Amino acid sequence: MDLKNELQKIVGAGNVLDSPEILEEYSTDNGIYPPGMPTVVVKAGKSEDVAKVINLANKNSTPVIPVSSGVHFQGCTIPYQGGIVLDLSNLNKILEIDPPNRRVRIEPGVTWGQITDELAKENIRVISPLLPHADRSVITDYLEREAPVVPKYEFAEPLMTYEIVWPNGEVFRTGSASVPGYPDSPAKGTNPAGPGLDFYRLPQGAQGTMGVINWANLKLEYLPKINKIFFMPFEDINAAIEPIYKIPRVHIGQEFFLLNHVDLALILAKQWPDDYDRLSDILPSWTLILTISGPPRRPEERIEYEKEALFDLKKQYFQDMPILEALPGVPGGGRELIHMLRKPWPKEEVYWKNRLSGACQSLFFIARPEDAPSFYEKVVDEAPKYGYPLEDLGVYLQPIEQSRVCHLEFNMFYDPDDPIEREKIRIMNRELAQDLLDMGAIFTRPYGDLADMVYEKATSYTTALKRVKKMFDPNNIMNPGRLCF
Amino acid sequence: MGIPQEAYKAMEDIVGSQYITDDQVIAQAYVGRLGHGKDTGIDLDMNVPPAVIVLPRTTKEVQGILKIAHRYKINYVPASSFWISHCAPKRPDSLLLDLKRMNDLEIDEENMCAICGPGVIFSQLQEEAIKRGMYTTTPGGGSQVSVVANHINWGLSPLNYRNGVPGRRVLGGEWVLPDGELLRIGSMSTTDDPFWGEGPGPDLRGLLRGWIGWFGAMGVVTKLAVKLLPFHDEGLKPVGISPHTTLQFPEKKRIRWYNFVMPTRESLVECMYDIGKAEIAAALTKVPQQWRYIAKAGCREDFWEGWNTDEARNSINNIHICRVMLVGYASEEQLEYEERVLMDIMDSYGAKLGRTRQSDNSWIKNADSATMWMMTGAYTSVQVTVDTVDCGVKGGEGLAREKPAFTPPLMDDYGEPGWFQVSEIGHMGYIEFLQYWDPNPDQENLYKKDEWNYIKVPTLDAEWGMFNAFNIYASPMNLTGKAYGPECRKWFEKVKAEFDPDKLSNDPIPWDVDEYVDKVDWVNKEDYINRDWSKG
Amino acid sequence: MPEEYVKFDLTDMKNFEYDMKRCVRCKGCKWVDHIYMPGATYSTRCPSEKRYLFDSFSAWGRLRLALSLLNGRIEFNDRFVEAIYKCQLCGACDAGCKRNLDLEIGSALESLRIKCVADGFGPMPEHKAIAEKIEKEHNVFGGPADNRDKWAKGIQTDDKAEFVYFVGCYGSYKMQGIPKATANILKATGQSFKIMGSDEYCCGYPLYSTGQIEKAKKVAQHNIDTIAKSGAKTVITACAECYKTLKVDYPKMFNKSTSDMGYQVIHLVEFVADQMEKGTIKFKNNIDMRVTYHDACNLARMSEPWVYWEGKRKLYGITEPTAPRRKGTHGVYHQPRNILKAIPGIDYVDMIRIRENAWCCGAGGGVAEAFPEFAQWSAEERLEEVDEVGAAALITACPRCKDNFSKAINASGDNIKVMDIAEMINEAIK
């Protein structure tokens, strides 16, 4: 019996797809990497299907490429060794919303677009990365360690516990969801650690190589009703560093990040391209954005003391730094950002990173905020060598964990339909990454071309990873060729 | 018999003769009887003196020692502050790595982390952090425990309320694997800087730590960066003379304790949820009644004079104290705001604000874990659940109902449901259920304290669906290891087989309880050990 | 139901078996009180454990060795004896333990030494040599007994005085400036006193602290009788070792309490602090100097009165009647500091580890005699602390501390000045 028949037995004939059009659809993504054709696409209809498909794949040593999101940018779902694309987009149930314990349990196909509206009904939210694509899977984004746009929580990781099908086909529940009888148990799955080991860490940053999540518990926070937004403009990135360190350290604010004029204009432009052209001219080179929000109790008073603390910091440390409540020349002063930041990018609009040229390659890594200017200078020095116009370079700095560290992202825009431009961006991305890696950039999720250079440098880590991978995936079926295995 | 002379000589060449000994008198100073788990069956029946003690100074020395141990198949036990019974040798002819010399401490002030050797303890780190306007969370294990060991185990503290459990705060570092090979984790995987915890791809911190770590059964962590947390810069002044020493809070309203007497336990739990949702406070905890009596007592006899009263007996069901710490991280105005919100919440439950001293002697810098042994001479925590607040309280109340069948030999705590508190600003609750007993062997049915600890509590937890992963290590793997995950024990076995196939790193951890209960006659193996947990 | 009869009799180690068994290895005996923890450095208070590292050189390790000895798992041998005596008996462990657990660490360690001697394995040869000198000439130096009061030539004493000044061997034979200063101070306040002359024997600290209890008892009995014969009710001393020995160890040796001894022991600093309150002493001279004070263990955390106890230990370790615990809370801490702060011109600064957390000078417990290198090492660590706080002079209230610090300074060439507090007070009142 062939693979297709076996798969049909598991998920039903309608959910096993292998027409050339469909296969081609799954052979590429919105990024710079070349296509790779799957053998077959399987749409899982229920979580039990997942383990069955993986067990079957193990028997046949067939690669399995799990896909949850409707949109991808980094090539990690392109099946370069053929095999089964396991499409989880139909596993899109919000299984539980538990406001008292501030958790939500969802399936991997649940998207930002879906969850945000549902939770907003109860005045709650999952803290998101910066303006995620509405079709992105919530679970995938946090498995892939996207940085939350709110750095105030030291315990920022929103993922708590999950049920996972390990690559060997065994179903396992992590953290406090590992209790017998879950979810009909007193333990609700709010503790990620354990049982015995921090199993929840292993599938993170793994690009689907360490198994498939059936469902996950994520943290909920309140959705503030009363907010203020402040803009701190800078002409020199160096001047932004001290405020970046100091502001979250006094436990104030919600969303907090730095954008250069290109990225901010891409986000704020309403009429394309006129607004963008005007905004990218008038916006300051860098804008540090901070929202202050009131919790459910005494919200105005909270905003008041946080605002006072912000201005006290200014008085004490950065008197020359303007703190604006509206961006001059921007319709509405840019204040609508508050509301934009609590939702994914509108589905009906071209995704903000794709507005300028149709596609965007993001080169990002973890760094100390104090090192951000030298990384920026390096990119500024190098980009023109690749013919990339600096006026089109987007930069985004996301403080993490009260600005202890940051996610630093360079956005390079290109025309996806121009193969030469795409290749140029690919080369630039790879070579810049090598330069930045040499300077100490921490690439925790090296996609595509970056994988080899990073894993090669991480000698002992890579060796250990391979040993771990072998334990969990003895036949190396999960998304092979992706990381260092 | 000891270890082969060639192996001893090779290790001596690595560390120098003054840092290694096989003297059996010195070895007696290292025999078990330590910290958590002291005087339990395992401690008394399995712990033996080491054959050789070695005191390495550097990662390279540890690597050398482990490679020699690997070559000569010597069982070894790494230990930092020796505060848990797992860290005592249980095999004859074991090598003990006493890591006290590995005490380097470096603070990265700008990026809020501390790079620690395993010999660094919490009060040292806390002082260095506070000097720089930051803090760490001194755990229930005590101020004297190793920062590294505790972060890779569990480290629960009321101060986790705002910051979550320390496992979140493990960053980069150096981990010498059981065979002596060095694994650099986190940002140290590609740089010499340990400021970030994730390495490329799957996060190997998942193997390093967990709920609740390996206790030396997976090599030695020789260097680890841990996060520090932003505090304010108003000093906390140490005052008093031992034993009445405390940290005096500043006059400025930047940090305050509040004690509320709640009308019922239910209202205590509900107010904890409300405080978390309001995103206020820096610590939120309910302490067991006996701790309040300890705090008031000048000595053990004072305690018992207070405890042996109807007032104490009735206090369990009648007095419900919610202890809250507020910190004005940003300003005095923050604390005043939080105080108003706190009062709103407490008023809505009819809570009464009691008196409390504006100082701290048990959490910020000092945690008197040793005081746990003061009442009866022996203590262990039998359940350490972290999930929701509600789950924790239900577990504590359930165990309190079952405990009388084991009392005596356990101390009668009148149905106290344990210590519970909130972490991650209300996302999690934490219960610690405690047992005390007199370890003097001249008592009837003393084995019941082990039955309660190793078998009964973990079984009840698994049956009820409580998350007591502490018992992954304090109960048979064939019980909890089967029930949780399910079958997390299999992964332990696989990981161990991959990285330590000869089981040299602190054998038989984490299968020590399995070995122990195999030998005793009071365990009904059919009911517990051989049970098929997949059937519930 | 467990129940045993025990007493604070140090000649039977079994009386402290409970304490040995109940040690949980929290290392409160090693670390500075965590509330006062100064950070990554100066964080411990046990010289022995810091110097020799292996647990057998710590209080928790020695308790386990003692227990193993009691249970027959080990016997005395050279390494064991070395571990026992490489310890100043400075009391840091005892005060540390009593913050949490109330275990009788100090008594258990003393009891171990007594057994070590009784079984013929202790003390160290150097301790035996000193014992011989004490036996022969009644002082630790072996100087002629008749020279004991040579320092007092020209000093006016009063045989009818209520105060008897117990000078001690160091004052009598090696550091005569201290007794002379003490006499001047007493005179300045109008306090008459007498001395015991050659009838004053070594207090017995070098004997008792090394486990030679029978020999210690002989000199103790002699001194007790002499004090009684003198009719004095108050014994004043400027030596911390003599102070603690007369106040604490004498009653301990004879299973009595301090209050049963028929005399009161005070240290010069207690006397002067009292006179300051009464206004009978005036510091006239300006002494421009940044100084710090070293808490001599025997005057500080170990100086609380001894209360003999015997009774039952019942379930949960409850004692009946309640056993008294000396926690080091009421040591002589404030008086010397208040004195120094009151001297005009003095810029007083405390060291990092003070009072119950102080680091021992290194000389005590027979260490200076048997392991001089270890004693010097301990002193050097303390002198680093003096440097750390920027003090020009180190003041102590114990001639033995002064002697040990002076040796370390001579060896290192450091320019820190070491003075006894009697000498400093004497300078101030001149």
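User: In this predicted model, what makes strand β10 (residues 212-219) of chain A count as mostly covered?

Analyst: A residue is called buried when its relative accessible area is under 20%. Eight of the eight residues of β10(A) are buried, and the strand is therefore described as mostly covered.

User: Why is β10(A) said to pair with strand β8 (residues 159-165) of chain A?

Analyst: Pairing requires at least two bridges between the strands. β8(A) and β10(A) share six bridges in the antiparallel sense, so they pair. Within this pairing, Val165(A) stands opposite Val212(A).

User: Which sense and how many bridges describe the pairing of strand β6 (residues 103-106) of chain A with β10(A)?

Analyst: The sense is antiparallel, and there are four bridges. Here Val104(A) lies opposite Leu218(A) of β10(A).

User: Why is the meeting of Lys100(B) and Asp55(C) called a salt bridge?

Analyst: The criterion is a side-chain nitrogen of Lys or Arg within 4 Å of a carboxyl oxygen of Asp or Glu. The N to O distance between the side chains of Lys100(B) and Asp55(C) is 2.9 Å, so the pair qualifies. Six salt bridges are found across the interface of chain C and chain B.

User: What is the extent of the interface between chain C and chain B?

Analyst: The buried area is about 5,200 Å², with carbon and sulfur atoms giving 57% of it. Ile35(C), Phe54(C) and Tyr316(C) supply 16% of the area that chain C buries against chain B, more than any other three residues. In terms of contact, 57 residues of chain C touch 71 residues of chain B.

Definitions and conventions: Residues numbered from 1 in each chain as written. Chains lettered and ligands numbered in written order. Predicted model: local features only at pLDDT ≥ 70, side-chain atom pairs only at ≥ 80, totals over all residues. Heavy atoms only, no water. Contact = heavy atoms within 4.5 Å. Buried area = accessible area lost by both parts, 1.4 Å probe. Buried < 20%, exposed > 50% of the residue type's maximum accessible area, 1.4 Å probe, protein only. Helix = DSSP H or I, 4+ residues; strand = E, 2+ residues; numbered from the N terminus.
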